[in-house]
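Please look through the sequence and the structure below before reading the report. The headings that follow take up a few local features in turn.

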Amino acid sequence: MINPAEGPSRNALSAENNGPALVALGSTVSPDVSGSVTFGKYRYQAKVAALLWISCLQQDGPIAVVCEHVDDLVLVWEQRLEFRQVKTRIPGRASWTFNEVCKDGGGVDSLIRSRIAFNGRSEGSEVRDSYSLWLEGAASLKEPTAGFFARPSSILGNHKRKVVALAKAVAKDQKKDISDADISAFLDALVILPNRVNEQDIDNMVLAALAGALPNTRVVHVLSALEAILQRAEDAQEGTLVTREAQDFMRAVGLASANEPSALERQTLTKAELIDILPDDPALGHAHLSALLTSGKPISNLRRKLMLACASQEVQIEAAALQSTADSRRLELLASSITAEESLAALAEELLDHGKTVAMRHANHTTPGQQVFIDLKLDRMMLKQLDVDNLFTDRHGQLGYLCCLSDECEYSWRAS
């Protein structure tokens, strides 16, 4: 169905002149069109798409994300395309290895297939192509895995021959040819992304990224935007909806269909549409969003809670440093005294009560986490008085312990 909204989109002009890379992608025939049919198995992949869509707000971020066209996901810049394959992990299974990703169905084969399809497109251009393999969970630290994952082009000997044999088999299956030089060029353009966030935590990762993009927005509005973003990512995975922004985007480079909307229109998430979905926030358009938040690398509960409470990056960094120092002190106490656990529990109760009182004072503030952290720093002498056993002797040791409690999901830096 077509989005029923009328008139030009809020940021339709940003869809203009996005040119060569999108045209090149439009002329690339997908080697496998079965992906959108099997969406039910890949809810995790839809959330990865949502996370990468949010990365459009970063400085030098993509201008669009395309789902289930040529590969699982394609990130689109004006002059560059990145084909991304997403691999999930059954909980409890061993770490990712070279042999696992380089077997049939391991992920590298799909990216080779995308490379062959991209090279076989009908129109030539100066568009640069790259390939990335997103791996949920940990990777082996042993060789050849560690070396290959760090720099795929560095493999030699039997391991290089294994990749060459895989590429030749993929090309044969596609009824295409692939030269040794092109295999080497593919390995130069390949990036392996292990240790990505797991299925249980990806919702929090997407929420943290969105909160990072909207640092001045109340959490209730961030959550509402999150729901809309996840739904649109699912729509793009399934290829069931065409939005006005996607049509504007395709029309700007001559890819819009004159009759029925194309599959590419149905599967594209544009930066313009994302900005239309998001609530107004002064930070939008100022490239404040950290690339770490959309990288898929897990972040701490402390940082996520501070972000949701609209604390600045400076506060997040300072809080993490205080947490690290306090956690070391806590371990030292537990190792040296049989009464430490009871004393720490008593202090935790006092700190949490005081922290919640401070948070209530800023319940109506637009950046509660920022104000609460600053107030608690200024309350240093009060926090020391709460520490009747003098467990933490550093200048802000008690605040650091509260940061530890926040990382354990005991404290949210805002009124509940």
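## A predicted model

The structure shown here is a predicted model, and the descriptions below should be read with that in mind.

## Helix α8 against helix α13

Helix α8, which covers residues 202-213, approaches α13 so that their axes come within 9 Å, and the two axes cross at roughly 45 degrees. Because of that angle, α8 counts as oblique to α13, and the crossing of the two helices is left-handed.

On the side of α8 the contact is made by Asn-204, Leu-207, Ala-208, Ala-209, Ala-211 and Gly-212, while α13 contributes Arg-304, Met-307 and Leu-308. Sorted by class, the residues of this contact are six nonpolar, two polar and one charged.

## Helix α14 against helix α18

Helix α14 (residues 313-336) and helix α18 (residues 397-407) have axes that come within 7 Å and cross at roughly 95 degrees. An angle from 65 to 115 degrees counts as roughly perpendicular, and α14 is therefore described as roughly perpendicular to α18.

Which residues of α14 and α18 meet? From α14 they are Ala-319, Leu-322, Gln-323, Ala-326, Asp-327 and Arg-330, and from α18 they are Gly-397, Leu-399, Gly-400, Tyr-401, Cys-403, Cys-404 and Asp-407. This contact of α14 with α18 has seven nonpolar, three polar and three charged residues.

## The second largest cavity

In terms of class, eight of the lining residues are nonpolar and one is polar, with no charged residues.

## Two details of the backbone

Most residues other than glycine have a negative phi, and most peptide bonds are trans. Val-70, which sits in the loop between β1 (64-69) and β2 (71-76), has a positive phi near 75 degrees although it is not a glycine.

The peptide bond that joins Glu-143 and Pro-144 is cis, with an omega of about 5 degrees, and Pro-144 is found in the loop between β4 (128-136) and α5 (145-150).

Methods: Residues are numbered from 1 along each chain as its sequence is written. This is a predicted model: local features need pLDDT of at least 70, side-chain atom pairs count only at pLDDT 80 or more; totals for chains, interfaces and linings use all residues. Side-chain values use heavy atoms; hydrogens and water are left out. Ala, Val, Leu, Ile, Met, Phe, Trp, Tyr, Cys and Pro count as nonpolar, Asp, Glu, Lys and Arg as charged, and the others, Gly among them, as polar. Axes are lines fitted to C-alpha atoms, for helices over the stretch in contact, and angles run from 0 to 180 degrees between N-to-C directions. Helices (H or I, at least four residues) and strands (E, at least two) are DSSP runs, numbered from the N terminus. Angles under 35 degrees count as roughly parallel, over 145 as roughly antiparallel, 65 to 115 as roughly perpendicular and the rest as oblique. A crossing is left-handed if the near helix is turned anticlockwise from the far one by less than a right angle, and right-handed if clockwise. Contact means heavy atoms within 4.5 Å.
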